Amino acid sequence: MGALQSLPDEPEYRDLSEKTGFSFEQIGILHKRFKQLSHNEDTLRRDDLNTIPDLSCNPIRTQIIEAFFDKRNFHQNGEGTVQEISFEEFLVVMSHFRPPALDMTEEQREIIRREKLRFLFNMHDTDNDGTITLEEYRHVVEELLSRSGALGKETAKGIADAAMLEVASISMGHMEPDEFYEGITFEHFLKILKDIEIETRMNIRFLNMDTTNLCKVNRAYPDCTSLTKYTDKLLESCLWFGFGLL
Amino acid sequence: MSTMGGLSQMKLAVNFLTIGLVILSLPCGSYTEIPPKPPGSVTVLPPVKPAGGPQAFPDAENSNLPVFTMDYARIQVPFEVTLWVLLASFAKIGFHVYHKITFWVPESCLLISIGLIVGAIMHSVHEEPPAVLSYNVFFLFMLPPIVLESGYFMPTRPFFENVGTVLWFAVVGTLWNSIGIGMSLYAVCQIEAFEVQDINLQENMLFAAIISAVDPVAVLSVFEDVSVNEQLYIVVFGECLFNDAVTVVLYNMFIFVADMPVVEPVDVFLGVARFFVVGLGGMGFGVIFGFVASFTTRFTSNVREIEPLFIFMYSYLAYLVAELFSISSIMAIVTCALTMKYYVEENVSQRSCTTIRHVVKMLGTISETLIFFFLGVVTITTEHEWNWGYIMFTLLLALVWRGLGVLVLTQIINPFRTIPFNFKDQFILGYGGLRGAISFALVFTLPDSIGRKKLFLTTTICMIMFTVFIQGISIRPLIEFINVRRTNRNLETINVEIHSRLIEHTIAGVEDLCGQWSHYYWKDKFLKFNNRILRKILIRDNRAESSIVALYKKLELQNAMEILDTVSGDINAGSSIVSLQYVYPLSPSSSCSLSLSLYFALSLILLLSLSLACSPSLSLSLVLSLTLSCSLFYPLLSKGLKSS
């Protein structure tokens, strides 16, 4: 199918592979995608991601895009946001979505669980103060429900309030009437979501095949005049459909 | 104190028995007199001199108006059907008196045992069981409710996430099992010592197709109790459902082939093509009927009382139309239920929704109960043909091929799964392959042109008994022992729901971003299509509601109910509000023994009427003596229960 190109066994790829756990083929494919998104430049900007057509229908696209530019997700103990990211940082953020390997011990799974939950926590906590306040939670719920029709802000507020109450009752037990629940800390967040089996649900299947030809970027298909390219695409889309079903 | 209580209760029991005897003497008396009349004809009974037994009406030579008449033959068929259903249902009540029984022994085992007892009684009075398991009755009346129940209550999200695996195990797994068992049995048949050389390859393959139909009903209830991990549950559930379809297709194909003198290669190819036509056609029909049903319910806001009717009629119609074209009716009804459920439950009123769910469950349970019950009855009353070699080898080969099949298939499909199956999951998957209703019905309805039909019947019954009793009882301790991965079912909190949605959207977004698609992408696309087009057509007032809002409303409702301080747990399953007004001052021990005695008496009366319906006199005396002795020993019985 002409999909798997020969990859240069660059030393950078080896470093990246060790750091993020992706295989060489996966890194190569993601690099191609990075180049496609950034128009062959070395860094990626927010505007490049805003132009992906499928992403624009996603209700939480702002949070997702922000997550890629959030220094907390780069595993370098930084804070704040950046304007543009390199391929290495792109990969590091992507590595949050790798499925755990089959032969992992319980502690390794716990570490992975914490990492993924930390990613979600950072999505909520936009002002970097280490807690999710009511306002931040309300914002996320509003965004989530924005696609389901005209529900109004009141419903979203009510739901967010109920959710906070739940967290408060689980983490702090019985509170005095004049006590005020400051916000959800990371420990509380872990506690309420410990049953969600996140290491099995928050995964993307990174396959070793190249499908970047199929994705639309800037609403322009790559140049496909020859018949073989069409049939290639057809075959690959069938395969993806099959994989998708599984 | 206890003797006083015992005495009053004995009086009650004796009263009951006398009433029962009076009721029962009536058919007994007149049964011998009335000649069987064809149904539908008007019967005006002439006064007849009674041949014997108590007289129901006075001696009259002149033709006066008969004051009291009896015509049993007219109501015979519905009466017997009702009695059988009641008896099976009484058995179910009885099991739950001691809840520890149902904990360790699956209900299907208990039902088969009761069926064995009833079969023994019927055999001793030389009576044939009713023709419940004829081909048409089974496939047109008893199978659809079971399949509808499975399809309606299938958890859709895990199903669609694992649909590839489910279909892989159902289709390829069943084919592997049938072909493997068929070939090996044919090889076994060649051994002279077993005297089964007259079974040719086609008949062996037919039998293997029947035997490989898996029916893990007992296992599924254990899975639910123990809450094993979702993937294993849905694969077992889905496999059970879809391999019924595959088995029926194979069965029909092999029946046809068994009649043909010569099998050509083009027939094999046609068989494969037929398989696809049958499967996909069934699904297509189901989807069409599902959409039509949803569309109909859009307009039923003024006829709320008959809303549930549409669900049942449309799904049954899907089943029958599929049967008309000889395509897979099971797939049709399952896809119809799956499609319908989502849209219909938004259109109908709350009461209709509850009614639908309840009736679907009820019909499914009755059907299943009856089938296992009749399995027990028929075991005793049919003629058997025992052949050590064939039966033992079938048991062994079925186990071996199932185990091999699960291993090989899992190895092939694990790389494609996000959560691969480990060895514990595979073991339970293989061990949970019980046989049940479908195999039994298919073998029972084999045409008589198959020479060794009795041998097949005996082997299938042995297989079912072996798997249901031995594997069914032992699977619960095994699951606990090897500590299969469990799912935490207690996930009904707002936070978890919000974050589940958050995760799904995040993954869909990141997938779009990095250009790797998987089922989240297709799910997203389908949801968009659904919201934009389907919901507008099929749902009456289209308020697109997020699952978060739905859950929030449900939790608020539950909170309100709790504040009202009513029965804990499922509000709808508690006693009705009317009954809560009366408080019965019964002490627990006396209520237990009272209910037990009532149950005992009622079931004995039913047995009595059943056997009387068949033939009087001998059974009458037999059962009378049974009931009298039981009632005399009743105080001992109740004392024994009080101490337990």
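Predicted model: local features only at pLDDT ≥ 70, side-chain atom pairs only at ≥ 80, totals over all residues.
Residues are numbered from 1 along each chain as its sequence is written, while chains are lettered from A and ligands numbered from 1 in the order in which they are written.

The side chain of A:Arg46 meets that of A:Glu66 in a salt bridge of 2.9 Å, N to O (a side-chain nitrogen of Lys or Arg within 4 Å of a carboxyl oxygen of Asp or Glu). This pair links distant parts of the chain, 20 residues apart, with A:Arg46 in helix α3 (residues 46-50) and A:Glu66 in helix α4 (residues 61-68) of chain A; helices are DSSP runs of H or I of at least four residues, and strands (E) of at least two, numbered from the N terminus. A:Glu66 is partly exposed, at 31% relative accessibility.

Over all chains, the structure holds 15 salt bridges. One of them joins A:Arg114 to A:Glu187, with the closest N and O atoms 3.4 Å apart. Here helix α6 (residues 106-124) of chain A, which holds A:Arg114, is linked to helix α9 (residues 186-192) of chain A, which holds A:Glu187, and the two residues are 73 residues apart. Both are partly exposed, A:Arg114 at 36% and A:Glu187 at 47%.

In chain B, the side chains of B:Glu239 and B:Arg402 form a salt bridge (3.1 Å, N to O). B:Glu239 belongs to helix α10 and B:Arg402 to helix α15 (residues 388-413) of chain B, so the pair ties together parts 163 residues apart in sequence. B:Glu239 is buried at 5% relative accessibility, and B:Arg402 is buried at 6%.

Helix α10 (residues 230-259) of chain B also contains B:Asn252, which is partly exposed, with a relative accessible area of 33%. B:Asn252 and B:Ala209 are 43 residues apart in sequence and 9.9 Å apart in space, C-alpha to C-alpha. B:Ala209 is among the buried residues of α8(B). Of the 11 residues of helix α8 (residues 201-211) of chain B, 10 are buried, so this helix is largely enclosed by the rest of the structure.

Key: Heavy atoms only, no water. Buried < 20%, exposed > 50% of the residue type's maximum accessible area, 1.4 Å probe, protein only.
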